[in-house]
Amino acid sequence: MTGERTAVAKAHRIVVKAGSSSLTTPTGTIDADRIDALVDVLAARRTAGHEIVFVSSGAIAAGLGPLGLTARPRDLATQQAAAGVGQGLLIARYTSSFARYGLRVGQVLLTADDMMRRAHHRNAQRALNQLLALGILPIVNENDTVATDEIRFGDNDRLAALVAHLVRADALVLLSDVDALYTGDPRLPGAARITEVREPADLAGIRLGGSGRVGTGGMVTKVEAARIATGAGVPVVLTNAASAAAALAGEPVGTYFHAGTHRPSTRHLWLAHATTGQGRLLLDPGAVDAVVRRRKSLLPAGIIGVEGEFVAGDPVDVCTAGGGVVARGLVNYDAGEIPELMGRSTRWLARELGPEYEREIIHRDDLVLLDQVDTLVRRSS
Ligand SMILES: Nc1ncnc2c1ncn2[C@@H]1O[C@H](COP(=O)(O)OP(=O)(O)O)[C@@H](O)[C@H]1O
Ligand SMILES: N[C@@H](CCC(=O)OP(=O)(O)O)C(=O)O
């Protein structure tokens, strides 16, 4: 075991995510042998007294064979149907596989909304913590049967990173069909293995390709997930399922993403990575400078435009006059109220409309800057 890798070996609470390619066969059925092998590793860790939250993909891939499909369907309805069939089979398999060790599992299906809306977020957090407190091993997946194109993670990598933050995990292990991050798609010649990533600059020049046969996000979403988790103070190991035991033991396999030292507040992390802007506020250059460089609250005087339908408390994107997003924040007014306030000083508003109009459009504590924001891009593949 070397250096920082001890953080993974010692981690009391760990999130492990496995991709579809590691759990299913090319014919669209569950790969029982590989599932049992992975369960052997997770069960050993669990029985040694550590807590595990397992994020398992594979619902859609495992539903293909039973539905007579030979490839991942393109249309959402058939993906939903395949997930409905495959998820049940997956959980049945995990239940019996963990039972070999006397361990019980609990299914947790989440939607992007569960991460985005504060009340839902707390609800998911409570459920996961209670399962762990009861000694149950939670198995998480996106609720693909009801997820729509408009609001969907589509990949479990970022979901796993958000879950790691949600349960305040000590480490995150991402298991794929590739043994590490490479400088380019390892299916192409010339790609070199990367053993560690200390800071974003280490990723400069790396070509992140698309997914394999049944996966969805490819390396892009894994690196994004690593960025979210390390930004929340959680170290990440990315490797293949065959190296799971070694990764959990802190051996130098795969790619190790060092955790950042700064642990942002749950509120900021949630705002940056688990919300989508429900509308946009356009700012004049002075207001952009105040918000971005001087870290000030956003006042009505600097707003020159408002777009979209939102209500007070919603997350909105904060943009330059040209529409470039610079920050995201929780707005204090409904969209319909803002045109009346735009360009006015808070003092004038308080005098003319009443003291309740003296408040900021977005308070500085409710603002995160763009470099901290990951848009939950719609993924329909
Ligand atoms: N720079 C890269 N380094 C490593 N793998 C890469 C890279 N670019 C693309 N890939 C591909 O990403 C695939 C893993 O992504 P994906 O298929 O979504 O996996 P999973 O099902 O495990 O989530 C690998 O099979 C690999 O071929
Ligand atoms: N929630 C989907 C998995 C989506 C996904 O991220 O897949 P993968 O890239 O294989 O981890 C399913 O269970 O089929």
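What distance separates the centres of domain 1 and domain 2, taken over C-alpha atoms? The separation is 36 Å. The domain assignment of the chain places domain 1 at residues 3–271 and domain 2 at residues 276–372, the bounds coming from an automatic or database domain assignment.

The structure is a predicted model, in which local features need pLDDT of at least 70 and side-chain atom pairs count only at pLDDT 80 or more, while totals for chains, interfaces and linings use all residues. Residues are numbered from 1 along each chain as its sequence is written, and chains are lettered from A and ligands numbered from 1 in the order in which they are written.

The chain has 13 helices and 15 strands; these are DSSP runs numbered from the N terminus, with helices being H or I of at least four residues and strands being E of at least two. Its radius of gyration is 22 Å, close to the 21 Å that the globule rule gives for 381 residues, so the chain is as compact as a globular protein of that length. The radius is taken over C-alpha atoms, and the rule is 2.2 Å times the number of residues to the power 0.38. Along the principal axes, the C-alpha trace spans about 70 × 45 × 45 Å. Of the 381 residues, 45% are buried. A residue is termed buried if 20 or more other C-beta atoms lie within 10 Å of its own, exposed if 12 or fewer do, and partly exposed in between, with C-beta atoms placed from the backbone. Of the contacts between residues at least 6 apart in sequence, 73% join residues at least 24 apart; a contact requires C-beta atoms, placed from the backbone, to lie within 7 Å.

Strand 2 pairs in the parallel sense with strand 1 (residues 13–18) over six bridges, where pairing requires at least two bridges found by DSSP between the strands. Within this pair, I14 has I52 as its bridge partner. Strand 2 also pairs in the parallel sense with strand 4 (residues 137–142), over two bridges, and here F54 is partnered by I139. Strand 1, helix 2 (residues 32–47) and strand 2 together form a right-handed β-α-β unit. Right-handed denotes that, with the strands pointing away from the viewer, the path from the first strand over the helix to the second runs clockwise.

The annotated positions follow from these strands. The unreviewed UniProt entry carries the annotation "binding site" for S57, D144 and N156. Although these residues are spread over 100 residues of sequence, they cluster in space, with a largest C-alpha distance of 10.8 Å. UniProt positions are given in the numbering used here, feature names are shortened, and annotations may be inferred rather than shown by experiment.

S57 lies in the loop between strand 2 and helix 3 (59–64). Why is S57 classed as buried? The classification holds because 31 other C-beta atoms lie within 10 Å of S57. Leaving aside residues up to four places away in sequence, S57 touches A18, G19, S20, L23, N141 and N156. D144 occupies the loop between strand 4 and helix 7 (156–166), and counts as buried with 25 C-beta neighbours inside 10 Å. With the exclusion of residues up to four places away in sequence, D144 touches A59, I60, Q79, Q80 and A83. As for N156, this residue is among the buried residues of helix 7, a helix in which 11 of 11 residues are buried.

Helix 7 is followed by R168, whose phi is positive, near 55 degrees. R168 lies in the loop between helix 7 and strand 5 (171–176) and is partly exposed, with 14 other C-beta atoms within 10 Å. R295 likewise has a positive phi, of about 55 degrees, although it is not a glycine. R295 is located in the loop between helix 11 (285–292) and strand 12 (303–307), and counts as exposed with 10 C-beta neighbours inside 10 Å.

Methods:
Contact = placed C-beta atoms within 7 Å.
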